[in-house]
Amino acid sequence: MSNSENWIDLRSDTVTHPSDAMRAAMAAAPVGDDVYADDPTVNRLQDYAADLFGFEAGLFAPSGTQTNLIALMTHCGRGDEYMVGQEAHTYKYEGGGAAVLGSIQPQPIANQPDGSIALADIEGYIKPADDHFARTRLLALENTIGGRVLGQDYMRAATSLAHAKGLAAHLDGARVCNAAVKLGVSLRDATAGFDSVSVCLSKGLGAPVGSVLLGSKDFIERSRRWRKMLGGGMRQAGIIAAAGIYALEHNVQRLAEDHDNAAQLSAGLGEIEGLKVTTPQTNIFYVGMPAAACEPLRAHLERQQIRASIGPHTRLVTHLDISREDVQRTIGAFKSFFKDFKV
Ligand SMILES: *Cc1c(COP(=O)(O)O)cnc(C)c1O
């Protein structure tokens, strides 16, 4: 295998490797058996995350897909419905888990260009109490969504509307730390108004694995049962929870560097004729390019040890393991390719 240290990997912020300091924290972590709820490091992570985000309790799980599914199954029962954006991860990128495993019907709603769901649409899609209809129970939002940040005013209005209509509100906050850093608000303010939040530790925060679900004490107690049923009950999980604590302690504010790097990269690629480059709000942006360029560009980048999910709508993602120098090298590689490529 090629030495992965020399590769620039822009496919996702999930590709980061744990740092030496994070690995040292993992090696030193005291452990117990988390299915008995007596792993001290898992308990510390759950309590720390709950406090940091302003919730009563937390639950550590292997993935964000699982914390989202656990949340949906705790809020909704068989024959209930959740309202969700067409582009949302919980609807589009989780294998239909809510429907398949939870017997929960999604009500997908078009996302607006800014990633939000229009308040009028939320109100309009709530079904009246009638035997014909699934029971609308939950509004699920996502922040960031496709790298876009939902504003504080919108989040407040949407969660207030949900509550006024008797619905609960869940936030898929896989990258909510990116949103908070971009908005310049605390993690508590970024998640205020939601009944539950799922936070990924293994994206921009740089942990190798894991997500936390946050909510009220009662909600988290009920969600533990679903985690066990879904196979998410882990034993000496303190080994990986320690990475999560390290990530929350050290890697939140530095997300601003990833946002800066995305801005630099987007500006550099934007100088290339024939590319349609979006302006990043956080660490993710998109590059539109001619279909004919994709395969040769991918090969060109591979030769320079740059890995990216190249397609007509390429998504590029900056993270902990992408430096300013990597950004310059990537811009150079794109420029050298498009200098010779004729559409
Ligand atoms: C990555 C991600 C998740 C969870 O993904 P896992 O790979 O299962 O941890 C959930 N929502 C969003 C928006 C994500 O980007």
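Predicted model: local features only at pLDDT ≥ 70, side-chain atom pairs only at ≥ 80, totals over all residues.
Residues are numbered from 1 along each chain as its sequence is written, and side-chain values use heavy atoms, with hydrogens and water left out.

According to UniProt, in an unreviewed entry, residues 9-287 carry the annotation "domain: Aromatic amino acid beta-eliminating lyase/threonine aldolase"; UniProt positions are given in the numbering used here, feature names are shortened, and annotations may be inferred rather than shown by experiment. This span is 43% helix and 16% strand, and its end C-alpha atoms lie 16 Å apart. Helices (H or I, at least four residues) and strands (E, at least two) are DSSP runs, numbered from the N terminus.

An open sheet of mixed pairing is formed by seven strands in the order 2-8-7-6-5-3-4, where two strands pair if DSSP finds at least two bridges between them. Strand 2 (57-61) and strand 4 (105-109) each have a single partner strand and stand at the edges, so one side of each is left without a neighbour in the sheet. From one strand to the next, the twist averages 20°. Four bridges join strand 7 (residues 196-200) to strand 8 (residues 211-215) in the antiparallel sense, with Cys200 opposite Ser211 of strand 8. Helix 10 (residues 217-229) packs on the sheet and touches strand 2, strand 7 and strand 8, contact meaning heavy atoms within 4.5 Å. The direction of helix 10 makes about 20° with that of strand 2; axes are lines fitted to C-alpha atoms, for helices over the stretch in contact, and angles run from 0 to 180 degrees between N-to-C directions.

Cys200 is also among the residues surrounding the ligand, together with others including Ser63, Asn68, His89, Glu142, Asp172 and Lys203 (a heavy atom within 4 Å). Oxygen atoms of the ligand take part in polar contacts (pairs of N or O atoms within 3.5 Å): a polar backbone atom of Gly64 is 2.8 Å from one such atom, a polar side-chain atom of Thr65 lies at 2.6 Å, and a polar side-chain atom of Arg175 lies at 2.9 Å. Of the 380 Å² of accessible area that the ligand has on its own, the protein covers 81% (Shrake-Rupley method, 1.4 Å probe).

Most residues other than glycine have a negative phi, and most peptide bonds are trans. Ala37, in the loop between helix 1 (20-28) and helix 2 (40-53), has a positive phi of about 60°. The peptide bond from Asn143 to Thr144 is cis, with omega near 0°, and Thr144 lies in the loop between strand 5 (135-142) and helix 7 (152-164).

Notes: Polar contact = N/O pair within 3.5 Å; in protein donor to acceptor, adjacent residues only side chain to side chain.
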